[in-house]
Amino acid sequence: MKKGQLYCVVMLLLMSNWLVAQQSYNSCNQALELCPNQVFSVSNLSANTTVCPTCEDNFTFCFTPNNTIWLQFSTNVVGGDVSIDFSNLVFQTGAGQGTAIQAALLQASVPCDPASYTNLGNCESNQAGNFLITATALPANTNYYIVISGANGVSSPAECTLDVAISGTGVDQIAPSFNIIYPATVCANQLVSAYVAMSNCPDSSAISWYINGTLVAVTSDTIFQTTNLQNNDILSAECTCYQNCPLAVSALTAPIVVNTIAVNAGADQSIFPGDTIQLQATTSGSILTWTPSFLLSNDSILNPFAFPNETTLFTLSVTDVNGCIFTDGVLITVPQLLMIPNTFSPNNDGRNDTWVIPGIENFPDCTIYITNRWGQEVFQTTAYSAQTAWRGESNSGNVLTEGVYFYVINLKDEADQQFKGSLTLIR
C-alpha cells in the first residue's frame with residue numbers, strides 16, 4: 001500500500017471512530033429515554049454544544065454547557081419523588097482535559113426550548129465521583145430532561161462514560177393486573193371465548209396466546225376464541241405494558257376441565273325405498289334429540305325407527321348435566337334405483353332417439369310392457385338396456401304414432417319392485 005493510500009485509510013478510521021463515539025442523544029430532540037430502576041451506560045465522548053438564542057444549550061442555571069448529552073423521563077400517573085443516580089464515572093485523560101462533570105434536571109414547557117426551562121432539584125457543577133440529583137413531589141404524567149456536560153479543564157472540557165439510573169415513587173411503574181377469564185363450563189370441540197382482564201397497563205402491545213406453551217394466536221384486542229381445548233390444557237397469555245419502557249406481563253389458567261361424553265349415532269346403512277330401519281345409537285347421556293324428527297317413530301329415544309324416502313342424515317344431539325351438547329350423525333342411504341324419462345323423440349336426429357332408462361342395467365331380469373292409450377300392448381321386452389332401448393316401434397317393427405303411452409316395469413329384484421307411469425312419444 002502506498003503512503004498516500006495508508007494516510008486515507010487512517011483518516012477514514014479516525015472519522016469512523018469519531019462518528020460512532022458521538023451519541024444520538026447529543027441532541028435534546030433525541031434525548032435518551034430512561035426507564036425506572038434500570039441502569040443506562042452513557043457517555044459524552046465527542047459531544048458538542050448547540051448555542052443560539054433559541055438553541056437547546058442556551059442556559060446557565062448552574063454551569064455553562066460545554067459538550068452536552070440529553071436524557072429524559074416521564075413521571076407516572078400519580079407522580080412523586082425522583083432520585084437520579086450517577087455512578088461509575090470514567091474520564092478521558094487527555095492533556096489539559098477536565099476531570100469533572102456537570103448535570104441538571106430540567107422541566108421544559110416547550111420541548112428543547114431554553115426559554116421554557118425550569119431547573120429542578122440540586123444542580124451539580126463539579127462532580128468527579130458518584131452523586132445524586134433528587135426532586136420531590138413531581139406532578140404526574142410530565143416529561144423531564146437531564147442534561148450532562150463536561151466541566152472545563154485547562155484546554156478542553158471533560159469527557160467520560162458513566163451509568164445513570166432513575167428511581168422513586170414518581171417514576172416507578174405501577175404493577176399491572178393481568179388475568180385470564182374463561183367460562184366455568186367448557187365443552188369439548190365447541191367454541192370457547194376467553195379474555196384478558198387487565199388494568200394499570202398503558203400502551204399495551206398485542207397479546208400472545210398459548211395452549212400448553214405453544215403459541216396459537218396473537219390478538220390486537222383482549223379476546224381469544226378456540227375450539228381446540230382438550231381436558232387439562234393450560235391456557236396462557238402475555239403482552240407488554242408501557243411502550244417507552246416495556247414491562248412484560250403474563251398469566252395462565254389452572255388445568256381446564258373440558259366436559260365430554262361419547263355419542264355414536266351408529267353405522268351408516270342403506271335401505272330400499274319404502275323400507276323402515278331401526279337406528280342403533282349409543283351414548284352415556286340421557287337427554288336425547290334426533291333430527292329430522294318427522295322421519296322417526298320417536299325423536300327422544302336412543303333407537304327409534306326411521307322411514308326415509310330418500311337419502312337422509314339423522315343427527316343425534318345429547319345434552320350433559322353441564323349443559324354441553326354433543327352430536328353425531330348416521331347416514332341412511334335410500335338409492336334412487338331408476339331415473340325414468342317421461343318423453344323421448346325417435347326422429348333419427350341423433351338426440352333422444354331411444355327411451356333410455358339409467359340404472360335399468362342393474363336389473364337383468366326385468367320386464368317392460370308398453371301399452372297405448374287404449375290398453376293394447378305395443379311393446380314388451382326383458383333384460384332392458386341402452387343397447388336394446390325402445391325406439392318407438394312395435395315388437396313387429398311398425399313405427400308407432402306420436403302420443404301418450406303407458407309403461408309397467410317389473411324389476412324382478414328381491415323386493416319385487418314395480419314402476420308404472422306414462423311417457424310421451426314425440427315425432
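Modeller: Let us begin with the polar contact, which is a pair of N or O atoms within 3.5 Å; within protein, one must be able to donate a hydrogen and the other to accept it, and residues adjacent in sequence count only if both atoms are side-chain atoms. Before we use it, please keep in mind that this is a predicted model, in which local features need pLDDT of at least 70 and side-chain atom pairs count only at pLDDT 80 or more, while totals for chains, interfaces and linings use all residues. Residues are numbered from 1 along each chain as its sequence is written, and side-chain values use heavy atoms, with hydrogens and water left out.

Biologist: Which side chain is joined to that of Thr219 by a polar contact?

Modeller: The partner is Trp209, whose side chain is joined to that of Thr219 by a polar contact of 2.9 Å. Thr219 belongs to strand S14, which covers residues 214–219; helices (H or I, at least four residues) and strands (E, at least two) are DSSP runs, numbered from the N terminus.

Biologist: Is Thr219 buried or exposed, and which residues is Thr219 in contact with?

Modeller: Buried means under 20% relative accessible area, exposed over 50%, and partly exposed in between (1.4 Å probe, protein chains only). Thr219 has 13% relative accessibility and therefore counts as buried. Contact means heavy atoms within 4.5 Å, and, with neighbours within four places in sequence left aside, Thr219 is in contact with Ala206, Ile207 and Trp209.

Biologist: Where is Glu159 placed, and which backbone nitrogen lies 2.7 Å from a polar atom of the Glu159 side chain?

Modeller: Glu159 sits in the loop between strand S8 (143–150) and strand S9 (160–167), and the backbone nitrogen in question is that of Ser46. Glu159 has a relative accessible area of 18%, so this residue is buried. If residues up to four places away in sequence are not counted, Glu159 touches several others, among them Asn44, Leu45, Ser46, Val90 and Phe91.

Biologist: Now for the cysteines: how many disulfides does a search of the whole structure find?

Modeller: A disulfide is a pair of cysteine sulfur atoms within 2.5 Å, and the search of the whole structure finds 6 of them. One of these disulfides is formed by Cys28 and Cys112, with sulfur atoms 2.1 Å apart. The torsion about their S-S bond is about -90 degrees, so this disulfide is left-handed. Cys28 lies in the loop between helix H1 (3–21) and strand S1 (32–33), while Cys112 lies in the loop between strand S5 (101–108) and strand S6 (117–127), so the pair ties together parts that are 84 residues apart in sequence. Both Cys28 and Cys112 are buried.

Biologist: Which parts of the chain does the pair of Cys35 and Cys245 link?

Modeller: Cys35 and Cys245 form a disulfide with sulfur atoms 2.1 Å apart, and their link, with -90 degrees about the S-S bond, is left-handed. This pair links distant parts of the chain, 210 residues apart: Cys35 is in the loop between S1 and strand S2 (39–43), and Cys245 is in the loop between strand S16 (235–241) and strand S17 (247–252). Cys35 is buried, at 6% relative accessible area, and Cys245 also counts as buried, at 8%.

Biologist: How far apart are the sulfur atoms of Cys62 and Cys123?

Modeller: In the model, the sulfur atoms of the Cys62 and Cys123 disulfide are 1.2 Å apart. Cys62 is in the loop between S2 and strand S3 (69–74), whereas Cys123 is in strand S6, and the two are 61 residues apart. Cys62 is partly exposed, with a relative accessible area of 27%, and Cys123 counts as partly exposed at 25%.

Biologist: What pattern do the disulfides follow, and which cysteine sulfur is nearest to Cys239?

Modeller: With bonded cysteines counted along the chain, the pattern is 1-6, 2-11, 3-4, 5-7, 8-12, 9-10. Cys239 is in no disulfide, and the nearest cysteine sulfur is that of Cys201, 4.5 Å away. Cys239 has 5% relative accessibility and so counts as buried.

Biologist: Finally, how many salt bridges does the structure hold?

Modeller: A salt bridge is a side-chain nitrogen of Lys or Arg within 4 Å of a carboxyl oxygen of Asp or Glu, and the structure holds 1. Arg351 forms a salt bridge with Asp349, and their closest N and O atoms are 3.8 Å apart. Arg351 counts as exposed, at 62% relative accessibility, whereas Asp349 is partly exposed, at 39%.
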